[in-house]
Amino acid sequence: MTQASQSVSVPPVSSSNPPARSERSPGVKLVIAVLIAVALMVPLLMIYGLLWDRQQQAETAQASIGQGWGGQQTIAGPVIVIPYRATETTTVTENGKDVTRTMNTIRNLYLSPQANTADVVIKPEKRKKAIYETVVYESQISGSADFVLPADIARFGVAREALMLDRAEVRLGVSDARGLVDGNSVAVNGTPLALQPGKGLLSTGNSGTFAFVDWSAAAPLKVDYKIGVRGLGDFKLIPRGVDTRWTVKSSWPNPSFGGDFLPAKRSVTASGFTATYAVPNLALGQAQVLTGDLSPPVTSNYGPRDAYVDAVAVSAPSDGSAGEASGGTAKAVAISLIEPVDLYSQVDRAIKYGFLFIGFTFVAFLMFDIIAGARVAPAEYLLTGIALVLFFVLLLAFAEVIGFTFAYMLASAAIIGLLAFYSAAVLKSWKRARFLAAMLVGLYALLYVLLNLEAYSLLIGSVLMFFALAGVMYMTRSIDWSGLGKKDEALPAV
């Protein structure tokens with residue numbers, strides 16, 4: 001065999017063949033994946049804006065329902081208002097001299113009951129406008145109040161002979177009088193009185209109803225009253241008197257109790273709730289006799305439902321009677337008929353975990369890329385991230401129509417199916433695609449658990465991130481991030 005026959009001829013490389021694409025280092029791939037993930041925060045923030053806009057539209061629709069039904073209701077009273085004569089002395093300066101003038105005026109004395117007991121029944125009802133739904137209610141209040149004119153009335157700065165008892169009024173405050181229904185009545189010592197519109201109490205925005213009563217004999221009065229009112233949002237009661245006791249019943253199974261006083265006893269079941277309130281005047285910090293009415297309660301203490309507060313209830317009356325609000329600030333109890341799941345708050349919390357989905361999916365792609373050799377282009381990272389962001393848009397859109405739970409199942413199934421088929425083509429393997437789909441199923445299931453276990457969401461999320469980081473660190477412990485990610489091997493001799 002000749003030397004020439006043993007030589008191996010190497011064909012020349014054709015200039016028409018394209019050169020092989022240079023392999024990026026694992027470090028460069030990681031930087032690209034991180035940059036694309038950060039860029040996807042922009043559409044996530046845009047979804048926040050979309051969520052806020054849809055929530056505003058829902059609140060607008062709920063407010064429009066309240067326009068014809070009745071807004072948030074605050075009930076106060078009954079209170080007996082007695083005009084009395086008073087002398088007012090003022091000093092003015094005229095021609096450089098102080099001149100004292102005395103004038104007779106008529107003011108109001110506000111007498112709270114000695115005891116006030118009432119049974120309240122709240123009947124909830126769901127109303128819809130377009131795709132938006134809200135809970136409205138009709139409440140029926142049946143109560144009895146006992147009034148006694150204090151023998152030491154002079155201690156309050158009002159002479160007994162100055163009282164105009166023949167012009168006394170029994171007042172009931174209702175913050176939104178549009179919600180009053182038929183069948184309201186007031187009786188004094190068994191005698192029915194004709195209810196008149198207006199002249200409520202300042203604590204309810206000077207809105208409500210009243211009846212004239214001649215109390216010239218100054219004997220104890222027993223006032224029996226029935227008030228039916230429709231409303232939306234919170235239902236509030238303002239205690240007035242030495243001893244106030246209410247029993248509130250409703251068929252709504254998801255109440256929220258708030259305000260300045262919580263129920264002394266309460267029972268909440270799937271068929272409704274019963275709450276009993278007992279408020280003494282020592283807890284109220286208010287005298288039984290006031291020479292000025294109470295101003296509206298501070299609503300900021302009652303929670304998110306105060307978005308439904310009717311502007312009338314917190315604004316000054318137009319008749320100038322705001323000057324009588326010198327008796328202090330009213331206290332109130334609040335009961336909200338809340339929805340079991342507020343879909344907008346659920347979607348809001350879900351969006352906050354959006355980066356978790358993007359991060360886990362990108363890490364899976366990165367591991368397949370630098371360990372298994374499946375090349376993933378930046379465009380494929382971007383399209384996958386956009387699909388993950390689209391989940392939250394689908395969730396919001398479906399939740400407004402079919403509810404949060406079914407919307408979550410439908411949106412997650414759609415995105416998992418889409419990414420499973422797409423990753424099979426990107427990763428060149430159905431086995432890898434099934435792994436990615438299983439990971440997404442686990443992530444979406446975990447997120448649903450986090451949304452329903454709000455108290456433990458931070459704990460579960462942080463533990464999950466710890467184990468995920470530990471797994472990635474373990475799988476990449478031998479990666480040369482600055483090189484090509486593979487150990488050099490000796491080439492066989494030719």
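**Group meeting: salt bridges, strands and a surface patch**

The cut-offs here are under 20% for buried and over 50% for exposed. Everything I say today comes from a predicted model.

What does Lys222 meet in a salt bridge? Its partner is Asp146, with 3.8 Å from N to O. The two residues are 76 positions apart in the chain, Lys222 in strand β10 (residues 221-232) and Asp146 in strand β4 (residues 132-147), and the pair links distant parts of the chain. Asp146 is also in the middle class, partly exposed, because its relative accessibility is 32%.

β4 and β10 run antiparallel and are joined by twelve bridges. Within that pairing, Ser139 stands opposite Val229 in β10.

β4 also pairs with strand β3 (residues 115-129), again in the antiparallel sense, over 15 bridges. Here Val120 stands opposite Ile141 in β4. How many residues lie between the strands in the hairpin of β3 and β4? There are two, and Ala130 takes a positive phi near 60° in this hairpin. If you are following the side chains on the screen, remember that in a regular strand they alternate between the two faces of the sheet.

Back to the charged pairs. Side chains of opposite charge can pair when their charged atoms come close. How many salt bridges does a search of the whole structure find? The search finds ten.

One of them joins Asp293 and Arg240, with the closest N and O atoms 3.5 Å apart. This pair also links distant parts of the chain, at 53 residues apart: Asp293 is in the loop between β16 (289-290) and α5 (311-314), and Arg240 is in the loop between β11 (234-238) and β12 (243-250). Are Asp293 and Arg240 buried or exposed? Both of them are buried.

Another salt bridge is made by the side chains of Asp348 and Lys352, at 3.5 Å from N to O. Lys352 has a relative accessible area of 56%, over the 50% cut-off, so Lys352 counts as exposed. There is also a network, in which salt bridges with shared partners join Glu169, Arg171 and Lys199.

Now the chain as a whole. It has eleven helices and 17 strands. Of its 494 residues, 44% are buried. Among contacts with a separation of 6 or more, 78% are between residues 24 or more positions apart.

Part of the surface is a nonpolar patch of about 640 Å², made by Ile131, Phe398, Val401, Ile402, Phe406, Met409 and Leu410. Which elements give two or more residues to this patch? They are α8 (378-402) and α9 (404-426). Met409, for example, lies in α9.

Last, the annotation. An unreviewed UniProt entry places the feature "transmembrane region" at six spans: residues 30-52, 353-374, 381-399, 405-427, 434-451 and 457-476. In the model, residues 405-427 are 96% helix and 0% strand, and the end C-alpha atoms are 32 Å apart. Residues 434-451 are 100% helix and 0% strand, with 26 Å between the end C-alpha atoms.

That is what I have.

Methods
Residues numbered from 1 in each chain as written. Predicted model: local features only at pLDDT ≥ 70, side-chain atom pairs only at ≥ 80, totals over all residues. Heavy atoms only, no water. Helix = DSSP H or I, 4+ residues; strand = E, 2+ residues; numbered from the N terminus. Buried < 20%, exposed > 50% of the residue type's maximum accessible area, 1.4 Å probe, protein only. Contact = heavy atoms within 4.5 Å. Patch = residues over 30% accessible without salt bridge, like charges linked within 9 Å, V, L, I, M, F, W, Y side chains within 5 Å. Areas by Shrake-Rupley, 256 points an atom, 1.4 Å probe, with all protein chains shown as cover. Salt bridge = Lys/Arg side-chain N within 4 Å of Asp/Glu carboxyl O. UniProt positions renumbered as here; feature names shortened; annotations may be inferred. Pairing = 2+ DSSP bridges.
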